[in-house]
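The stops below are taken in turn.

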Amino acid sequence: MSTQTTATPVTVTVTGAAGQIGYSLLFRIAAGEVFGNRPVNLHMLETANGAKSAEGVAMELADCAYPLLNRVLITSDAAEGFKGTNAAFLVGAKPRQEGEERADLLAANGRIFGPQGEALNDVAADDVRVLVVGNPANTNAGILHAHAPRIDRTRITALTRLDHNRALAQVAAKLDVPVDDLTQMTVWGNHSASQFPDVSELQLNGEPVAEKLDREWLTGEFIPRVAKRGSEIIQVRGRSSAASAAYAAIDHMRDWVVGTPDNDWVSVALPSDGSYGVPEGIVSSFPCRCVNGEWEIVQGLEINEFQRERIDASVAELSEEWAAVKQAGLV
Ligand code: NAD
Ligand code: LMR
């Protein structure tokens, strides 16, 4: 059966396209996992050094004979890579090594996002959706936001969906239930060890489940396990997560295009509008629903003292990262 379509192609930019996340991500985008039955123009934005390797990846993409892959561009020029882009996956950045925190990458990676923000501001499509994956993802998204005033606040996001998925997987294993039976997980704050994976609103088949999870397990195992999962992967695998990160990035962008189910939400980091006491502009993870193609922070959740402390601690770290960005003259 032919999958040929006459729909207008969507332009998708992936930075760091020759890296390990790129190697998982590109093939899934080309297969139609984000935009469904819509042709894709794929822009691979790499450094000059990474361009040759990106060419090899492009050869493999061609060898897949994807019916939906319309055109592939490889470039090291941000203005060319972001021209007319409808969806930008900003993966291109250095990963941390064992023993480092993600914030240690700020000096090396932060400077990537000012110029990329300016280029997006100048040449991206009006409906652009931006997902920052490169670490420290929240603060990099903040830098980008400061350099791209034309782009609406809710269209610049950072990836905490991997943390969200990790949290769901841990609870599903603990309760021995299918992961799909769980809804309304929330990750608050920074994509860092200070993040707060929160089960307060979690439901199992539509029923509250927090009471079934003992507090000692939650505070002693679950929260630190999810928050430090990235380090655990680096220790065991020897390199930072890649396939699971690409999978989460696909989840994030697909839900942004298709929408979230009525009875659920997902975790998305985006510049705060002041919700839940997070200072305006700080890029924090929140529970979000996607309605008519726009992320909306879920409102009206009751926050108890324990939650308040955890959210505030992660937001305090984000504020420190932001102060460092300002001091370094990156915004
Ligand atoms: P990698 O080193 O395998 O690949 C990074 C690629 O980015 C390289 O090919 C490099 O040439 C390219 N690059 C560097 N600077 C660039 C620039 N200015 N423009 C375009 N390309 C550029 O790294 P990876 O494992 O793919 O990870 C990429 C980033 O994603 C890291 O910062 C990592 O920490 C982060 N990450 C985030 C999450 C998350 O959940 N937010 C999860 C996993 C990894
Ligand atoms: C992750 O959460 O796996 C990534 O952010 C990589 C890292 O440095 O932990």
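Predicted model: local features only at pLDDT ≥ 70, side-chain atom pairs only at ≥ 80, totals over all residues.

Strands are DSSP runs of E with at least two residues, helices are runs of H or I with at least four, and both are numbered from the N terminus; two strands pair if DSSP finds at least two bridges between them.

Next, select strand 10 (residues 203-204), which is joined to the antiparallel strand 11 by two bridges. Gln 203 has Pro 208 of strand 11 as its bridge partner.

Residues are numbered from 1 along each chain as its sequence is written, and chains are lettered from A and ligands numbered from 1 in the order in which they are written. Local features need pLDDT of at least 70, side-chain atom pairs count only at pLDDT 80 or more, totals for chains, interfaces and linings use all residues, and side-chain values use heavy atoms, with hydrogens and water left out.

Now select His 164, which lies in helix 6. Is this residue buried or exposed? His 164 has 2% relative accessibility and therefore counts as buried (under 20% relative accessible area; exposed is over 50% and partly exposed in between, with a 1.4 Å probe and protein chains only). Leaving aside residues up to four places away in sequence, His 164 touches Met 185, Val 187, Trp 265, Val 266 and Ser 267 (contact means heavy atoms within 4.5 Å).
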